[in-house]
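Take a walk through this structure, one site at a time. Keep the sequence and the 3D view side by side.

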Amino acid sequence: MTPAQISTTPGRQERSAEFRAAARRLGSGVDRRRFLTVTGAAAALAFAANLPAAGAASAAELDARRIAEDPFTLGVASGDPLPDSVLLWTRLAPRPYQADGGLPAERVEVRWEIARDERFRRPVRRGSTTAHPEFGHSVHVDVKGLDDDRTFYYRFRAGSWISPTGRTRTAPSAGARNSSLTLAAVSCQAYHDGWFTAYRHLATEDVDMVLHLGDYLYEYAVTAVGGARNHTDHVLPDHYNRETLTLDDYRMRYGLYKSDPDLRAAHAAHPFVVTWDDHETENNYAGDTPENSVPPEEFLLRRAAAYRAYWENQPLRAPQRPTGPDMRLYRRLRFGRLAQFDILDTRQYRSDQAYGDGWRVPGPESEDPSRTMTGAAQERWLLDGWKSSDTRWNVLPQQVTFAQRRDVPGDAYKLSMDSWDGYPASRQRVMDGAEAAGIENLMVLTGDVHVGYGFDLKKDFDDPASRTVGTEIVATSITSGKDGAEKPANYDNLTRANPHMRFYNGRRGYALVTLGREQARADFRTVSAVTTPGAPLGTAGSFVTEAGNPGLTPV
């Protein structure tokens with residue numbers, strides 16, 4: 001079936017259109033109790049967004065010299081490097097645990113500068129921009145006119161306050177014959193499950209960029225002691241001990257996460273390329289369908305709030321800025337002739353999970369050829385992009401496990417309906433598209449499952465002897481799942497049931513991937529614990545895959 005023939009759940013697209021149009025008028029002044037009712041949700045949808053484009057002229061300006069506390073508590077970040085440009089981010093929040101960040105609803109002038117050295121003796125560009133209260137006083141500066149394939153340092157100023165210094169880099173030119181690129185793949189960082197120790201180690205790694213594959217934050221309640229962190233030096237405000245629903249909720253949750261010094265260090269050290277999974281909004285939502293049975297207008301309002309807070313708090317360009325509950329996050333980056341990255345969004349456009357989600361016996365519902373993981377437009381964009389690709393490696397950063405993953409050996413197995421196993425026709429269209437485009441070196445990067453996997457991607461997963469057509473590197477979680485174990489309880493079943501699984505480890509950490517002209521190498525970095533801070537870093541496994549000869553080989 002072609003992408004144009006893919007359908008969504010009958011009636012859902014039409015039924016949701018009016019709510020989506022209304023949700024584009026989302027505002028932050030939503031009473032929480034009324035939000036939880038259908039009537040309140042409908043009323044909330046009537047609020048104007050009061051975005052800067054419409055309200056900047058009437059918004060008062062705050063003299064930055066009057067800011068009495070450090071506004072750069074959330075640090076700095078950069079992202080989406082291009083050959084001549086990089087996106088710089090910060091958000092002013094003297095009091096990060098408050099919805100308004102501790103600032104009045106007034107715009108603030110923020111100055112920025114970028115240089116070739118960390119002492120800023122060799123400046124390259126400088127300028128000023130406005131931090132609007134409508135966007136949580138976040139700043140997104142797309143610095144252009146930079147030299148390709150260079151390291152730069154940047155910082156911000158607001159009044160007399162100076163931000164920490166960040167380090168970033170631009171991509172090589174499109175035609176560059178670059179020979180090496182190193183990246184880190186990270187995912188799943190539940191604050192309440194432990195310390196971001198892996199990020200402290202990652203900040204010291206020599207990588208060109210970090211790919212965040214989703215679950216940057218979790219919507220679940222966080223106790224006064226920070227869950228498994230068990231803080232003894234401070235108490236978190238009561239508003240964290242509830243699920244995130246409103247724009248204020250999501251903004252404050254980002255304030256909590258980004259106040260972590262290890263996460264801030266990683267952002268300052270490397271440019272990030274981000275995509276989301278489910279928990280940035282709600283567990284296991286699928287397109288317009290929430291996890292629980294709530295009215296569609298209520299969920300679309302929540303999704304709009306989550307998407308807006310996500311953009312406000314990530315180093316993303318203006319084209320990614322959401323309109324109500326819609327946000328185009330899928331995009332393409334190129335690093336010379338070595339690698340093309342097609343960053344996917346497998347949440348916003350997918351069909352609802354088959355058989356009520358969970359691990360199920362596959363059948364006609366999950367195998368329906370009309371089901372989609374990506375939506376028709378994104379699928380077409382991906383396959384068209386592969387047709388024109390001339391890079392050595394084609395990398396697919398996305399969210400959920402791509403390879404087949406049976407839970408037990410034998411014929412009585414189940415598959416995860418939330419992963420690509422629940423959308424096999426959609427997966428087959430992607431694999432067929434890669435083959436038709438002549439993609440020889442396909443690498444899928446995945447998060448979500450809180451373990452590290454290494455898979456050979458097979459032409460036919462049901463035939464272990466079939467041709468290997470690519471590799472999949474699954475990055476374990478930063479913290480989610482707490483400490484984990486080297487061999488989880490299902491280790492024997494999964495490794496026996498899936499002969500194309502070349503690696504499985506259940507500790508926390510990240511994956512380090514080095515792409516070269518002749519081969520790619522994956523190192524699975526792990527820490528021994530996250531429920532106590534300061535754990536050392538180790539390497540649980542290392543593999544290479546040769547260019548033109550896909551398949552993981554241990555080293």
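His450 sits in the loop between strand E18 (442–446) and strand E19 (452–458). Helices (H or I, at least four residues) and strands (E, at least two) are DSSP runs, numbered from the N terminus. This is a predicted model: local features need pLDDT of at least 70, side-chain atom pairs count only at pLDDT 80 or more, and totals for chains, interfaces and linings use all residues. Residues are numbered from 1 along each chain as its sequence is written, and side-chain values use heavy atoms, with hydrogens and water left out.

His450 counts as partly exposed because its relative accessibility is 22%. Buried means under 20% relative accessible area, exposed over 50%, and partly exposed in between (1.4 Å probe, protein chains only). Leaving out residues up to four places away in sequence, His450 touches Cys188, Tyr218, Thr476, Ser477, Ser480, Gly481, Gly506 and Arg508. Contact here means heavy atoms within 4.5 Å.

Now turn to Met501, in strand E22. Met501 counts as buried because its relative accessibility is 7%. Its contacts, not counting residues up to four places away in sequence, are Tyr453, Gly454, Phe455, Leu494 and Thr495.

Next comes the nonpolar core. The term means a set of buried Ala, Val, Leu, Ile, Met, Phe, Trp, Tyr and Cys residues joined through side-chain atoms within 4.5 Å. The largest one has 43 residues, and Tyr199, Tyr310 and Met327 have the most contacts inside it. Elements that give two or more residues to this core include helix H6 (247–258), helix H8 (296–312) and strand E22 (501–516). H8 supplies the largest share, seven residues. Apart from this core lies another, of 30 residues, among them Val400, Ile439, Val444 and Val469.

How do H6 and H8 meet? Their axes come within 8 Å and cross at roughly 35°. Axes are lines fitted to C-alpha atoms, for helices over the stretch in contact, and angles run from 0 to 180 degrees between N-to-C directions. H6 brings Leu247, Tyr250, Arg251 and Tyr254 to the contact, and H8 brings residues including Ala305, Ala309 and Tyr310. Tyr310 also contacts Met327 and Leu329, among others beyond four places in sequence.
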